[in-house]
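My entries follow in the order of looking.

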Amino acid sequence: MKKHLIALLLAMRLPFLLLTCSVVLLAIASAIATGHDINASHAVLLITGALTAHISVNLLNEYQDFHSGLDAVTTKTPFSGGSGALITTPLATKLIAKMTILFLIITIAIGLYFTLTVGLPILAIGLVGVSIITLYTQWINKKAILCLTACGFSFGPLIVLGSYFVLAGEINWGIFLISLLPFFLTNNLLLINQFPDIEPDKSVGRNNFPIKYGIKLSLYVYLIFSLFALINTMAIVHYYHLSVLSYIALAPIFLSLIKVAVLMKQKKVMANIVTAMLFSVISAIITPLILALAIVVN
């Protein structure tokens, strides 16, 4: 049983949950900064629901990749290729399947609570979110453009706008602008994480952006998303009249952009892909946190 629990924890991919916390905290900071009284219990439920949603999609991905045989042929990196938990402990599949359902039920229950207490827009957001969770591995991964933007859409507009609406009871242009930042950064994070798995993914019928359009075009898309993220961050600073120190939030994005641009020029992308992935992770997690702090302090 101990091995099964360890496999479960590994399959949850706990370090990646920092991204969820970062994005929700950005929404909470925005609600505080715009003068809304924050319901503490709602804030806790928001973080809980976002985390259970992220955990459920991680577990479902691990379960489905194990059964498709993808787990057995991927090269693991710290950021891609799955945890390998079910390769070492295959008897934990039933536990992971049950926990996937449990975490999804918790997510749905929290969403229904907010639908009843806050309003119907939460139901629409929740239905889209649950659809992405359940369809991501088996269907969305076969649609290149949809796969490119699905995770960014989930961590950006869905989580940020949904969280803000729960806390503030409204949606405005400012929070829409903020929701675009995780959209661009998370798209980049998932895009570059797909590079090491192109051949294994292709072997099980996936057709994500790097598979369909190649690494070169994917890198240009990465650079474009990075530029959009830089412009978006400057627009947020201007919109909220944040201090000059807020421009520190540009640093992680700029560093990841420069890193990938240098690798492209040197034609050593795959040889140094793990470093580029690390910079993308740092950018996606740290930038929203810096911006959240800048918004609250301002």
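This is a predicted model: local features need pLDDT of at least 70, side-chain atom pairs count only at pLDDT 80 or more; totals for chains, interfaces and linings use all residues.

At what angle do helix H2 and helix H13 pack, and how far apart are their axes?

**Entry 1: H2 and H13**

I took H2 as residues 17–33 and H13 as residues 273–297; the angle came out at about 20 degrees, with the axes 8 Å apart. Angles under 35 degrees count as roughly parallel, so I put H2 and H13 down as roughly parallel to each other. Their crossing is left-handed.

I then listed the residues in contact. On the H2 side they are Leu18, Leu19, Ser22, Leu25, Leu26, Ala29, Ser30 and Ala33. On the H13 side they are Ala284, Ile285, Pro288, Leu289, Leu291, Ala292, Ile295 and Val296. Sorted by class, the contact of H2 with H13 has 14 nonpolar residues, 2 polar and no charged.

**Entry 2: H2 and H8**

I went on to the packing of H2 with H8, where the angle is about 40 degrees and the axes lie 9 Å apart. That makes H2 oblique to H8. I recorded the crossing of H2 and H8 as right-handed.

From H2, the contact uses Leu19, Thr20, Val23, Val24, Ala27, Ile28, Ser30 and Ala31. From H8, it uses Phe155, Ile159, Val160, Ser163, Tyr164 and Leu167. I counted classes here too: the contact of H2 with H8 holds 11 nonpolar, 3 polar and no charged residues.

**Entry 3: the cores**

Which residues touch the most other members of the largest nonpolar core? I found Ile178, Ile192, Val260 and Leu291, in a core of 67 residues. At least two residues of this core come from each of H2, H3 (40–68), H6 (93–117), H8 (144–168), H9 (173–193), H11 (209–239), H12 (250–266) and H13.

Leaving out residues up to four places away in sequence, Ile178 touches Leu26, Ser30, Val160, Ile236, Tyr240 and Ile295. Another core, of 15 residues, lies apart from the largest one and includes Leu8, Ala11, Leu51 and Phe103.

**Entry 4: Thr233**

Is Thr233 buried or exposed? I found Thr233 buried, at a relative accessible area of 0%. Thr233 sits in helix H11. Not counting residues up to four places away in sequence, Thr233 touches Leu181, Ala249, Leu250, Ile253 and Leu291.

**Entry 5: Ser246**

I located Ser246 in the loop between H11 and H12. Ser246 has a relative accessible area of 2% and is buried. With neighbours within four places in sequence set aside, Ser246 is in contact with Val237 and Ala294.

**Entry 6: Met264**

Where is Met264 found? I placed Met264 in helix H12. The relative accessible area of Met264 is 18%; buried means under 20%, so Met264 is buried. Beyond residues up to four places away in sequence, Met264 touches Leu219, Tyr220, Leu223 and Val269. For the pair Met264 and Ile224, 40 residues apart along the chain, I noted a C-alpha separation of 14 Å.

Methods. Residues are numbered from 1 along each chain as its sequence is written. Side-chain values use heavy atoms; hydrogens and water are left out. Axes are lines fitted to C-alpha atoms, for helices over the stretch in contact, and angles run from 0 to 180 degrees between N-to-C directions. Helices (H or I, at least four residues) and strands (E, at least two) are DSSP runs, numbered from the N terminus. Angles under 35 degrees count as roughly parallel, over 145 as roughly antiparallel, 65 to 115 as roughly perpendicular and the rest as oblique. A crossing is left-handed if the near helix is turned anticlockwise from the far one by less than a right angle, and right-handed if clockwise. Contact means heavy atoms within 4.5 Å. Ala, Val, Leu, Ile, Met, Phe, Trp, Tyr, Cys and Pro count as nonpolar, Asp, Glu, Lys and Arg as charged, and the others, Gly among them, as polar. A nonpolar core is a set of buried Ala, Val, Leu, Ile, Met, Phe, Trp, Tyr and Cys residues joined through side-chain atoms within 4.5 Å. Buried means under 20% relative accessible area, exposed over 50%, partly exposed in between (1.4 Å probe, protein chains only).
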